[in-house]
Amino acid sequence: LISGVENSMVYEGSATPTVEWNNLLLDGNPYVSGTPITEVGYHTLTVANLNGYNYEITFTVTEIWENIEEDGRYEYSVTPETNNGTLYLNGNAFSSGTTIYQVGNHTMKIVGVNGYENEITFTITERISGLENGKEYTGSVYPSVSNATLNLNGNSYSSGSNIYNVGFHTLTVMGVNGYISEYRFTILPTITGVEEGKEYLSASV
């Protein structure tokens, strides 16, 4: 009698029930057999008035995500898209296809019909320029990072500022929802007038 869906089954993106009967209801509303059901959520298809008997089949249509996956890590930005449903990013309303730049750990929640909810978590990492972790520099460096909070050796740091103090340094990148990454590097002194391993009768440094 019914094809295209089975009771209690889950379908990604859409489901297309076909029923050899004219009096059909989908979630209480009139439904035409063979019409694709794309609305994310829990659904009930009712075959009504079979000699006074109603037959119901329940099933779920889930979302299709594009550009993100569970626990994915993305450098600098990501643009999540899904077929439908109401979306929330970290608890705030979100529109499918919007690019996310904020560094950190993110949770995307989708709300469908009849109480359906699902979440996907992912991380956006920083794109840093002017600095490499573990590297030594002579003179100074100008690390640049967007869409994050920065600390240098425990103190607030403005992206792109000159770091010239000789010694060991730690640049900490802090994003939303507890995201932290660190870059350790060394500024070496600029020395002129002498070279390592050479002997001099006199020298000026």
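**Questions on a predicted model**

Biologist: In which strand is the place of histidine 43?

Modeller: This is a predicted model, in which local features need pLDDT of at least 70, side-chain atom pairs count only at pLDDT 80 or more, and totals for chains, interfaces and linings use all residues. Residues are numbered from 1 along each chain as its sequence is written, and side-chain values use heavy atoms, with hydrogens and water left out. Strands (E) are DSSP runs of at least two residues, numbered from the N terminus. Histidine 43 belongs to residues 41–50, which form strand E6.

Biologist: Is histidine 43 buried or exposed?

Modeller: Buried means under 20% relative accessible area, exposed over 50%, and partly exposed in between, with a 1.4 Å probe and protein chains only. Histidine 43 has a relative accessible area of 2%, so this residue is buried.

Biologist: With which side chain does the side chain of histidine 43 make a polar contact?

Modeller: A polar contact is a pair of N or O atoms within 3.5 Å; within protein, one must be able to donate a hydrogen and the other to accept it, and residues adjacent in sequence count only if both atoms are side-chain atoms. At 2.7 Å, the partner of histidine 43 is the side chain of aspartate 27.

Biologist: Which backbone nitrogen does the side chain of asparagine 84 reach?

Modeller: Asparagine 84 is in the loop between strand E10 (81–82) and strand E11 (86–89). A polar atom of its side chain lies 2.5 Å from the backbone oxygen of threonine 38. The backbone nitrogen reached by the side chain of asparagine 84, at 2.8 Å, is that of valine 40.

Methods: Helix = DSSP H or I, 4+ residues; strand = E, 2+ residues; numbered from the N terminus.
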